[in-house]
Amino acid sequence: MIGLYIIIGFIILFLIIAFIIIYNNLVKLKNNISKAWANIDVLLKQRFDELSKLIDTVKGYMKYEKKVLTDITKARSMYDNAKGIKDMADSNKFAHESTNNLFAVAENYPDLKASKNFLKLQSRITELENMIADRREFFNDTVTIYNTRIKQIPYNTIAGILGYKRKELFVASGEEKKVVDFDK
Amino acid sequence: MWNYSRDLGKLVIISTIAFIFFVFILPGNDSDYLFYSLLAALAIFIFGLVFTIKVFKERSIIKNIPHSKIRSVAIGLSEIVGTAKSITTLKTPVSNQDCVYYRYIVRQYVSGKNSSWELKKDEASSQNFLIKDETGEIEIDPSNVDGYLRLRKAYFAPLDLSKIFSKDESEKYFKNLEEIPIVDGNEKSKILFPKDGDRKYYEYYLLPGDDVYVLGTVSAKEQSDKLFIHKGINDKYFILGNNNENTVLKQVNRRLLLLSFLLVLGVFGLAYAVPLIFT
(Lines give C-alpha, C1' and ligand atoms only; values in the text may rest on other atoms or scores of the structure.)
Protein backbone atom coordinates (compact mmCIF):
# COMPACT_ATOMS: atom_id res chain seq x y z
CA MET A 1 0.00 0.00 0.00
CA ILE A 2 2.85 2.38 0.93
CA GLY A 3 4.46 1.56 -2.40
CA LEU A 4 1.30 2.63 -4.19
CA TYR A 5 1.22 5.94 -2.29
CA ILE A 6 4.85 6.52 -3.22
CA ILE A 7 4.11 5.95 -6.88
CA ILE A 8 1.09 8.28 -6.70
CA GLY A 9 3.31 10.83 -4.94
CA PHE A 10 5.87 10.63 -7.72
CA ILE A 11 3.18 10.97 -10.39
CA ILE A 12 1.96 14.17 -8.69
CA LEU A 13 5.56 15.42 -8.42
CA PHE A 14 6.09 14.61 -12.10
CA LEU A 15 2.93 16.54 -13.08
CA ILE A 16 4.05 19.59 -11.06
CA ILE A 17 7.51 19.53 -12.64
CA ALA A 18 5.99 19.03 -16.10
CA PHE A 19 3.67 22.01 -15.55
CA ILE A 20 6.58 24.22 -14.51
CA ILE A 21 8.68 23.14 -17.52
CA ILE A 22 5.83 23.66 -19.99
CA TYR A 23 4.93 27.04 -18.49
CA ASN A 24 8.54 28.22 -18.64
CA ASN A 25 8.81 27.00 -22.22
CA LEU A 26 5.72 28.99 -23.25
CA VAL A 27 7.11 32.10 -21.56
CA LYS A 28 10.42 31.66 -23.43
CA LEU A 29 8.61 31.21 -26.76
CA LYS A 30 6.62 34.38 -26.14
CA ASN A 31 9.78 36.28 -25.20
CA ASN A 32 11.54 34.96 -28.31
CA ILE A 33 8.82 36.62 -30.41
CA SER A 34 9.28 39.94 -28.56
CA LYS A 35 13.04 39.73 -29.06
CA ALA A 36 12.68 38.86 -32.75
CA TRP A 37 10.34 41.81 -33.23
CA ALA A 38 12.69 44.19 -31.40
CA ASN A 39 15.50 43.05 -33.69
CA ILE A 40 13.44 43.99 -36.76
CA ASP A 41 12.50 47.32 -35.20
CA VAL A 42 16.16 48.22 -34.75
CA LEU A 43 16.75 47.76 -38.47
CA LEU A 44 13.58 49.62 -39.46
CA LYS A 45 14.78 52.62 -37.44
CA GLN A 46 18.23 52.40 -39.03
CA ARG A 47 16.66 52.25 -42.47
CA PHE A 48 14.60 55.39 -41.86
CA ASP A 49 17.68 57.18 -40.52
CA GLU A 50 19.56 56.26 -43.70
CA LEU A 51 16.55 57.29 -45.80
CA SER A 52 16.57 60.71 -44.14
CA LYS A 53 20.20 61.15 -45.16
CA LEU A 54 19.31 59.93 -48.65
CA ILE A 55 16.54 62.55 -48.97
CA ASP A 56 19.04 65.26 -47.99
CA THR A 57 21.44 63.98 -50.67
CA VAL A 58 18.93 63.69 -53.52
CA LYS A 59 16.61 66.67 -52.96
CA GLY A 60 19.07 69.07 -54.61
CA TYR A 61 19.07 66.94 -57.74
CA MET A 62 15.43 65.82 -57.74
CA LYS A 63 13.72 69.18 -57.10
CA TYR A 64 10.67 68.27 -59.18
CA GLU A 65 10.17 64.76 -57.84
CA LYS A 66 8.22 65.92 -54.80
CA LYS A 67 5.88 62.94 -54.60
CA VAL A 68 8.75 60.46 -54.41
CA LEU A 69 10.38 62.38 -51.57
CA THR A 70 7.17 63.04 -49.63
CA ASP A 71 6.27 59.33 -49.87
CA ILE A 72 9.43 58.48 -47.89
CA THR A 73 8.48 61.05 -45.27
CA LYS A 74 4.95 59.63 -45.20
CA ALA A 75 6.37 56.13 -44.67
CA ARG A 76 8.32 57.40 -41.67
CA SER A 77 5.19 58.97 -40.26
CA MET A 78 3.27 55.69 -40.74
CA TYR A 79 6.05 53.85 -38.87
CA ASP A 80 6.08 56.35 -36.00
CA ASN A 81 2.28 56.09 -35.61
CA ALA A 82 2.09 52.30 -36.07
CA LYS A 83 0.23 50.32 -33.44
CA GLY A 84 0.78 46.60 -33.71
CA ILE A 85 2.27 44.25 -36.28
CA LYS A 86 -0.20 44.95 -39.10
CA ASP A 87 0.48 48.71 -39.02
CA MET A 88 4.22 48.04 -38.90
CA ALA A 89 3.92 45.65 -41.86
CA ASP A 90 1.93 48.25 -43.82
CA SER A 91 4.44 51.04 -43.07
CA ASN A 92 7.31 48.75 -43.96
CA LYS A 93 5.67 47.78 -47.24
CA PHE A 94 5.07 51.43 -48.09
CA ALA A 95 8.64 52.39 -47.16
CA HIS A 96 10.01 49.56 -49.28
CA GLU A 97 7.91 50.58 -52.30
CA SER A 98 8.79 54.28 -51.85
CA THR A 99 12.49 53.48 -51.64
CA ASN A 100 12.30 51.39 -54.79
CA ASN A 101 10.48 54.24 -56.56
CA LEU A 102 13.11 56.74 -55.44
CA PHE A 103 15.94 54.54 -56.71
CA ALA A 104 14.09 53.96 -59.99
CA VAL A 105 13.59 57.72 -60.48
CA ALA A 106 17.25 58.37 -59.57
CA GLU A 107 18.16 56.45 -62.73
CA ASN A 108 17.07 59.57 -64.67
CA TYR A 109 19.67 61.72 -62.95
CA PRO A 110 23.17 60.71 -64.10
CA ASP A 111 24.86 63.31 -61.86
CA LEU A 112 23.10 61.87 -58.83
CA LYS A 113 23.94 58.29 -59.81
CA ALA A 114 27.60 59.27 -60.01
CA SER A 115 27.58 60.82 -56.54
CA LYS A 116 29.67 58.80 -54.08
CA ASN A 117 27.43 59.76 -51.21
CA PHE A 118 24.36 58.55 -53.05
CA LEU A 119 26.00 55.25 -54.01
CA LYS A 120 27.12 54.67 -50.44
CA LEU A 121 23.65 55.33 -49.05
CA GLN A 122 22.05 53.19 -51.75
CA SER A 123 24.35 50.28 -50.88
CA ARG A 124 23.69 50.67 -47.15
CA ILE A 125 19.92 50.79 -47.63
CA THR A 126 20.00 47.71 -49.87
CA GLU A 127 21.99 45.91 -47.17
CA LEU A 128 19.44 46.96 -44.56
CA GLU A 129 16.56 45.83 -46.79
CA ASN A 130 18.15 42.38 -47.06
CA MET A 131 18.67 42.19 -43.30
CA ILE A 132 15.08 43.31 -42.67
CA ALA A 133 13.86 40.57 -45.01
CA ASP A 134 15.99 37.98 -43.14
CA ARG A 135 14.77 39.10 -39.74
CA ARG A 136 11.14 39.13 -40.92
CA GLU A 137 11.65 35.50 -41.96
CA PHE A 138 13.21 34.77 -38.55
CA PHE A 139 10.32 36.50 -36.79
CA ASN A 140 7.77 34.48 -38.77
CA ASP A 141 9.65 31.23 -37.97
CA THR A 142 9.61 32.19 -34.26
CA VAL A 143 5.88 32.93 -34.39
CA THR A 144 5.21 29.67 -36.26
CA ILE A 145 7.08 27.67 -33.59
CA TYR A 146 4.99 29.39 -30.90
CA ASN A 147 1.69 28.95 -32.76
CA THR A 148 2.45 25.27 -33.37
CA ARG A 149 3.55 24.64 -29.79
CA ILE A 150 0.40 26.09 -28.20
CA LYS A 151 -1.65 23.65 -30.27
CA GLN A 152 0.44 20.56 -29.46
CA ILE A 153 -0.28 18.17 -26.62
CA PRO A 154 0.43 18.74 -23.71
CA TYR A 155 1.16 22.45 -24.28
CA ASN A 156 -2.36 23.14 -25.58
CA THR A 157 -3.88 22.29 -22.18
CA ILE A 158 -1.73 24.72 -20.22
CA ALA A 159 -1.74 27.35 -22.99
CA GLY A 160 -5.53 27.18 -23.03
CA ILE A 161 -5.79 27.57 -19.24
CA LEU A 162 -3.37 30.51 -19.20
CA GLY A 163 -4.93 32.22 -22.22
CA TYR A 164 -2.06 31.98 -24.70
CA LYS A 165 -3.39 33.02 -28.12
CA ARG A 166 -2.11 32.71 -31.66
CA LYS A 167 0.27 35.47 -32.77
CA GLU A 168 0.19 37.31 -36.07
CA LEU A 169 2.81 36.69 -38.70
CA PHE A 170 4.55 39.63 -40.33
CA VAL A 171 2.92 39.25 -43.72
CA ALA A 172 4.86 40.70 -46.60
CA SER A 173 3.55 41.23 -50.07
CA GLY A 174 5.48 39.69 -52.94
CA GLU A 175 7.10 43.06 -53.80
CA GLU A 176 8.63 43.51 -50.36
CA LYS A 177 10.80 40.45 -50.84
CA LYS A 178 12.39 41.83 -54.03
CA VAL A 179 15.63 43.68 -53.61
CA VAL A 180 16.38 46.20 -56.36
CA ASP A 181 19.45 45.04 -58.29
CA PHE A 182 21.51 48.07 -59.13
CA ASP A 183 23.99 46.13 -61.19
CA LYS A 184 21.42 45.62 -63.99
CA MET B 1 35.37 16.90 -20.69
CA TRP B 2 33.32 13.74 -20.11
CA ASN B 3 32.58 11.71 -23.19
CA TYR B 4 28.93 12.04 -22.43
CA SER B 5 27.17 10.07 -25.12
CA ARG B 6 29.28 6.92 -24.98
CA ASP B 7 29.59 6.85 -21.20
CA LEU B 8 25.89 7.52 -20.59
CA GLY B 9 24.93 4.21 -22.17
CA LYS B 10 27.46 2.40 -19.97
CA LEU B 11 26.21 4.32 -16.92
CA VAL B 12 22.65 3.13 -17.56
CA ILE B 13 23.78 -0.49 -17.83
CA ILE B 14 25.91 -0.26 -14.67
CA SER B 15 23.09 1.55 -12.82
CA THR B 16 20.56 -1.12 -13.81
CA ILE B 17 22.85 -3.94 -12.64
CA ALA B 18 23.66 -2.04 -9.43
CA PHE B 19 19.98 -1.30 -8.95
CA ILE B 20 18.96 -4.96 -9.30
CA PHE B 21 21.77 -6.03 -6.95
CA PHE B 22 21.31 -3.39 -4.26
CA VAL B 23 17.54 -3.25 -4.33
CA PHE B 24 16.48 -6.83 -4.96
CA ILE B 25 19.34 -9.22 -4.28
CA LEU B 26 21.44 -7.76 -1.46
CA PRO B 27 18.79 -6.77 1.11
CA GLY B 28 16.82 -9.98 1.56
CA ASN B 29 15.34 -9.47 5.03
CA ASP B 30 18.30 -7.57 6.42
CA SER B 31 17.26 -4.03 7.44
CA ASP B 32 20.84 -2.70 7.26
CA TYR B 33 21.07 -3.61 3.60
CA LEU B 34 17.58 -2.23 2.99
CA PHE B 35 18.96 1.19 3.93
CA TYR B 36 21.65 0.84 1.26
CA SER B 37 19.05 -0.22 -1.26
CA LEU B 38 17.09 2.92 -0.43
CA LEU B 39 20.22 5.02 -0.91
CA ALA B 40 20.97 3.36 -4.26
CA ALA B 41 17.43 3.97 -5.52
CA LEU B 42 17.50 7.57 -4.27
CA ALA B 43 20.88 8.24 -5.94
CA ILE B 44 19.65 6.88 -9.27
CA PHE B 45 16.41 8.87 -8.97
CA ILE B 46 18.13 12.19 -8.17
CA PHE B 47 20.73 11.74 -10.91
CA GLY B 48 18.01 10.81 -13.40
CA LEU B 49 15.79 13.74 -12.39
CA VAL B 50 18.47 16.45 -12.45
CA PHE B 51 19.99 15.41 -15.76
CA THR B 52 16.66 14.65 -17.45
CA ILE B 53 15.54 18.22 -16.72
CA LYS B 54 18.92 19.57 -17.90
CA VAL B 55 18.85 17.70 -21.21
CA PHE B 56 15.15 18.46 -21.74
CA LYS B 57 15.89 22.20 -21.36
CA GLU B 58 18.75 21.85 -23.85
CA ARG B 59 16.42 20.12 -26.32
CA SER B 60 13.80 22.85 -25.89
CA ILE B 61 16.34 25.59 -26.58
CA ILE B 62 17.49 23.85 -29.78
CA LYS B 63 13.90 23.38 -30.99
CA ASN B 64 12.63 26.84 -29.95
CA ILE B 65 15.21 28.98 -31.73
CA PRO B 66 14.98 29.16 -35.55
CA HIS B 67 18.10 29.44 -37.72
CA SER B 68 19.51 32.90 -38.33
CA LYS B 69 21.20 33.97 -41.53
CA ILE B 70 24.72 35.20 -40.86
CA ARG B 71 24.32 38.65 -42.47
CA SER B 72 21.40 39.50 -40.16
CA VAL B 73 22.28 37.53 -37.02
CA ALA B 74 21.32 39.41 -33.86
CA ILE B 75 23.35 39.69 -30.67
CA GLY B 76 22.43 37.07 -28.09
CA LEU B 77 21.75 33.34 -28.25
CA SER B 78 21.49 32.33 -31.92
CA GLU B 79 21.44 29.21 -34.05
CA ILE B 80 23.40 29.04 -37.30
CA VAL B 81 23.86 26.36 -39.93
CA GLY B 82 26.60 26.59 -42.53
CA THR B 83 29.89 25.15 -43.70
CA ALA B 84 33.19 25.27 -41.85
CA LYS B 85 36.08 27.37 -43.09
CA SER B 86 39.55 27.61 -41.57
CA ILE B 87 41.36 30.76 -40.48
CA THR B 88 44.69 29.24 -39.45
CA THR B 89 46.35 25.88 -40.11
CA LEU B 90 45.23 23.18 -37.70
CA LYS B 91 45.97 19.45 -37.89
CA THR B 92 44.21 16.58 -36.13
CA PRO B 93 46.65 15.09 -33.56
CA VAL B 94 46.70 11.48 -34.81
CA SER B 95 45.39 11.32 -38.39
CA ASN B 96 47.19 14.61 -39.22
CA GLN B 97 44.38 16.01 -41.37
CA ASP B 98 43.75 19.69 -42.00
CA CYS B 99 40.79 20.58 -39.85
CA VAL B 100 39.04 23.59 -38.30
CA TYR B 101 38.28 21.98 -34.92
CA TYR B 102 39.10 18.73 -33.19
CA ARG B 103 38.49 16.86 -29.96
CA TYR B 104 41.00 14.18 -29.03
CA ILE B 105 40.50 11.49 -26.36
CA VAL B 106 43.00 8.94 -25.13
CA ARG B 107 41.99 5.92 -23.04
CA GLN B 108 44.32 3.41 -21.43
CA TYR B 109 43.35 -0.09 -20.37
CA VAL B 110 43.77 -0.85 -16.67
CA SER B 111 43.42 -4.52 -15.85
CA GLY B 112 42.44 -6.00 -12.51
CA LYS B 113 39.28 -6.26 -10.40
CA ASN B 114 37.65 -3.15 -11.94
CA SER B 115 39.21 -3.34 -15.39
CA SER B 116 38.25 -0.52 -17.70
CA TRP B 117 39.47 1.84 -20.37
CA GLU B 118 40.44 4.81 -18.21
CA LEU B 119 40.39 8.32 -19.56
CA LYS B 120 43.96 9.65 -19.83
CA LYS B 121 43.46 12.71 -22.00
CA ASP B 122 40.56 14.78 -23.30
CA GLU B 123 41.70 17.74 -25.32
CA ALA B 124 39.93 20.07 -27.74
CA SER B 125 41.31 22.72 -30.07
CA SER B 126 40.63 26.34 -29.18
CA GLN B 127 41.58 28.05 -32.44
CA ASN B 128 38.87 30.19 -33.98
CA PHE B 129 37.36 29.22 -37.30
CA LEU B 130 34.61 30.50 -39.59
CA ILE B 131 31.12 29.35 -40.46
CA LYS B 132 29.88 30.37 -43.87
CA ASP B 133 26.39 30.42 -45.32
CA GLU B 134 24.93 31.95 -48.50
CA THR B 135 24.78 35.41 -46.87
CA GLY B 136 28.18 35.73 -45.25
CA GLU B 137 30.58 34.29 -42.69
CA ILE B 138 31.10 34.62 -38.95
CA GLU B 139 33.91 33.66 -36.62
CA ILE B 140 33.54 31.08 -33.88
CA ASP B 141 35.59 30.82 -30.69
CA PRO B 142 35.11 27.11 -29.86
CA SER B 143 36.52 27.28 -26.31
CA ASN B 144 34.22 25.47 -23.84
CA VAL B 145 31.92 24.21 -26.57
CA ASP B 146 29.64 21.23 -25.90
CA GLY B 147 30.47 19.14 -28.92
CA TYR B 148 27.90 16.91 -30.52
CA LEU B 149 30.36 15.66 -33.10
CA ARG B 150 30.40 12.20 -34.60
CA LEU B 151 33.38 9.97 -33.84
CA ARG B 152 35.46 10.04 -37.02
CA LYS B 153 38.62 8.08 -36.27
CA ALA B 154 39.60 5.55 -33.62
CA TYR B 155 42.96 3.83 -33.22
CA PHE B 156 44.35 1.06 -31.09
CA ALA B 157 47.90 1.07 -29.76
CA PRO B 158 49.22 -1.99 -27.90
CA LEU B 159 51.60 -1.17 -25.04
CA ASP B 160 54.48 -2.69 -27.03
CA LEU B 161 54.29 0.15 -29.52
CA SER B 162 55.26 2.78 -26.95
CA LYS B 163 58.29 0.63 -26.10
CA ILE B 164 59.45 0.70 -29.73
CA PHE B 165 59.08 4.45 -30.31
CA SER B 166 60.37 7.08 -27.95
CA LYS B 167 58.45 10.23 -26.99
CA ASP B 168 60.40 12.15 -29.67
CA GLU B 169 59.18 9.78 -32.36
CA SER B 170 55.52 10.52 -31.89
CA GLU B 171 54.96 10.90 -35.63
CA LYS B 172 56.24 7.38 -36.29
CA TYR B 173 54.27 6.10 -33.31
CA PHE B 174 51.00 7.54 -34.63
CA LYS B 175 51.66 6.21 -38.14
CA ASN B 176 51.88 2.66 -36.71
CA LEU B 177 48.58 2.72 -34.86
CA GLU B 178 45.93 0.19 -35.86
CA GLU B 179 42.79 1.92 -37.12
CA ILE B 180 39.49 0.72 -35.62
CA PRO B 181 36.63 0.78 -38.16
CA ILE B 182 33.91 3.33 -37.45
CA VAL B 183 30.29 2.95 -38.58
CA ASP B 184 27.79 5.79 -37.94
CA GLY B 185 30.04 7.28 -35.31
CA ASN B 186 30.51 4.02 -33.38
CA GLU B 187 33.44 1.64 -33.10
CA LYS B 188 32.62 -1.36 -35.27
CA SER B 189 34.92 -3.84 -33.61
CA LYS B 190 35.85 -4.32 -29.96
CA ILE B 191 39.32 -5.14 -28.64
CA LEU B 192 38.59 -8.60 -27.18
CA PHE B 193 41.62 -9.23 -24.96
CA PRO B 194 43.22 -5.89 -24.11
CA LYS B 195 46.34 -5.86 -21.98
CA ASP B 196 47.33 -3.48 -19.20
CA GLY B 197 48.74 -0.29 -20.79
CA ASP B 198 47.07 -0.70 -24.19
CA ARG B 199 45.68 2.57 -25.51
CA LYS B 200 42.86 3.77 -27.71
CA TYR B 201 42.83 7.14 -29.45
CA TYR B 202 39.61 8.84 -30.56
CA GLU B 203 39.27 11.81 -32.88
CA TYR B 204 36.21 13.98 -33.37
CA TYR B 205 36.76 16.79 -35.86
CA LEU B 206 35.38 19.25 -38.36
CA LEU B 207 37.05 19.53 -41.75
CA PRO B 208 36.94 22.62 -43.97
CA GLY B 209 33.73 22.37 -46.00
CA ASP B 210 31.89 20.20 -43.45
CA ASP B 211 28.29 21.08 -42.66
CA VAL B 212 28.13 22.61 -39.19
CA TYR B 213 25.41 23.43 -36.68
CA VAL B 214 26.15 25.89 -33.90
CA LEU B 215 24.02 27.27 -31.07
CA GLY B 216 25.89 29.95 -29.17
CA THR B 217 26.06 33.56 -28.05
CA VAL B 218 26.71 36.18 -30.71
CA SER B 219 28.65 39.19 -29.45
CA ALA B 220 30.66 42.04 -30.90
CA LYS B 221 34.43 41.70 -30.60
CA GLU B 222 36.18 44.14 -28.31
CA GLN B 223 37.05 47.41 -30.03
CA SER B 224 35.45 46.19 -33.23
CA ASP B 225 31.96 45.94 -34.72
CA LYS B 226 32.68 42.44 -36.06
CA LEU B 227 30.45 39.76 -34.59
CA PHE B 228 31.55 36.36 -33.40
CA ILE B 229 30.01 33.31 -31.70
CA HIS B 230 31.25 32.05 -28.35
CA LYS B 231 30.11 30.71 -24.99
CA GLY B 232 28.34 33.63 -23.37
CA ILE B 233 28.64 34.46 -19.69
CA ASN B 234 24.90 34.49 -19.19
CA ASP B 235 23.89 31.91 -21.78
CA LYS B 236 25.01 28.44 -20.72
CA TYR B 237 24.30 26.77 -24.09
CA PHE B 238 27.08 26.47 -26.60
CA ILE B 239 26.65 23.55 -28.95
CA LEU B 240 28.66 22.54 -31.99
CA GLY B 241 27.51 19.64 -34.16
CA ASN B 242 28.00 17.91 -37.47
CA ASN B 243 25.44 18.47 -40.21
CA ASN B 244 22.25 20.09 -38.98
CA GLU B 245 19.80 20.54 -36.13
CA ASN B 246 18.13 17.14 -36.69
CA THR B 247 21.43 15.28 -36.30
CA VAL B 248 22.12 17.08 -33.02
CA LEU B 249 18.53 16.51 -31.84
CA LYS B 250 18.86 12.76 -32.45
CA GLN B 251 21.81 12.66 -30.05
CA VAL B 252 20.00 14.82 -27.51
CA ASN B 253 16.90 12.61 -27.73
CA ARG B 254 19.03 9.53 -27.12
CA ARG B 255 20.46 11.09 -23.96
CA LEU B 256 16.96 12.08 -22.84
CA LEU B 257 15.67 8.53 -23.31
CA LEU B 258 18.54 7.00 -21.32
CA LEU B 259 18.19 9.52 -18.50
CA SER B 260 14.40 9.06 -18.38
CA PHE B 261 15.01 5.33 -18.00
CA LEU B 262 17.26 6.03 -14.98
CA LEU B 263 14.59 8.29 -13.51
CA VAL B 264 11.89 5.62 -13.83
CA LEU B 265 14.31 3.03 -12.40
CA GLY B 266 14.88 5.28 -9.39
CA VAL B 267 11.12 5.76 -8.86
CA PHE B 268 10.42 2.03 -8.87
CA GLY B 269 13.43 1.41 -6.64
CA LEU B 270 12.12 3.86 -4.07
CA ALA B 271 8.59 2.48 -4.37
CA TYR B 272 10.04 -0.99 -3.62
CA ALA B 273 12.58 -0.11 -0.92
CA VAL B 274 10.64 2.40 1.21
CA PRO B 275 7.73 0.11 2.09
CA LEU B 276 10.17 -2.67 3.05
CA ILE B 277 11.92 -0.32 5.46
CA PHE B 278 8.64 0.66 7.11
CA THR B 279 7.36 -2.93 7.45
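Colleague: Which residue forms a salt bridge with A:Asp90, and how many Å apart are the closest N and O atoms?

Modeller: A:Asp90 pairs with A:Lys86 in a salt bridge, a term for a side-chain nitrogen of Lys or Arg within 4 Å of a carboxyl oxygen of Asp or Glu. This is a predicted model, in which local features need pLDDT of at least 70, side-chain atom pairs count only at pLDDT 80 or more, and totals for chains, interfaces and linings use all residues. Residues are numbered from 1 along each chain as its sequence is written, chains are lettered from A in the order in which they are written, and side-chain values use heavy atoms, without hydrogens and water. For A:Asp90 and A:Lys86, the closest N and O atoms are 3.3 Å apart.

Colleague: Where do A:Asp90 and A:Lys86 lie?

Modeller: The two are 4 residues apart, so about one helical turn separates them. Helices (H or I, at least four residues) and strands (E, at least two) are DSSP runs, numbered from the N terminus. The element that holds A:Asp90 and A:Lys86 is helix α3 (residues 85–106) of chain A.

Colleague: Is A:Lys86 buried or exposed?

Modeller: Buried means under 20% relative accessible area, exposed over 50%, and partly exposed in between (1.4 Å probe, protein chains only). A:Asp90 has 32% relative accessibility and is therefore partly exposed. A:Lys86, at 52%, counts as exposed.

Colleague: What is the N to O distance in the salt bridge of A:Lys45 and A:Asp41?

Modeller: Both residues lie in helix α1 (residues 2–58) of chain A, 4 residues apart. A:Lys45 is partly exposed because its relative accessibility is 41%, whereas A:Asp41 is buried at 16%. Their side chains meet at an N to O distance of 3.0 Å.

Colleague: Which parts does the pair B:Arg103 and B:Asp122 tie together?

Modeller: B:Arg103 forms a salt bridge with B:Asp122, with 2.8 Å between the closest N and O atoms. One partner lies in each of two strands of chain B, so the pair ties together parts 19 residues apart in sequence. B:Arg103 is buried at 7%, and B:Asp122 is partly exposed at 22%. The parts are strand β2 (residues 101–110) for B:Arg103 and strand β3 (residues 116–124) for B:Asp122.

Colleague: How many salt bridges does the structure hold over all chains?

Modeller: Some residues are linked in a network of salt bridges, namely A:Glu50, A:Lys53, A:Arg124 and A:Glu127. Over all chains, the number of salt bridges is 19.
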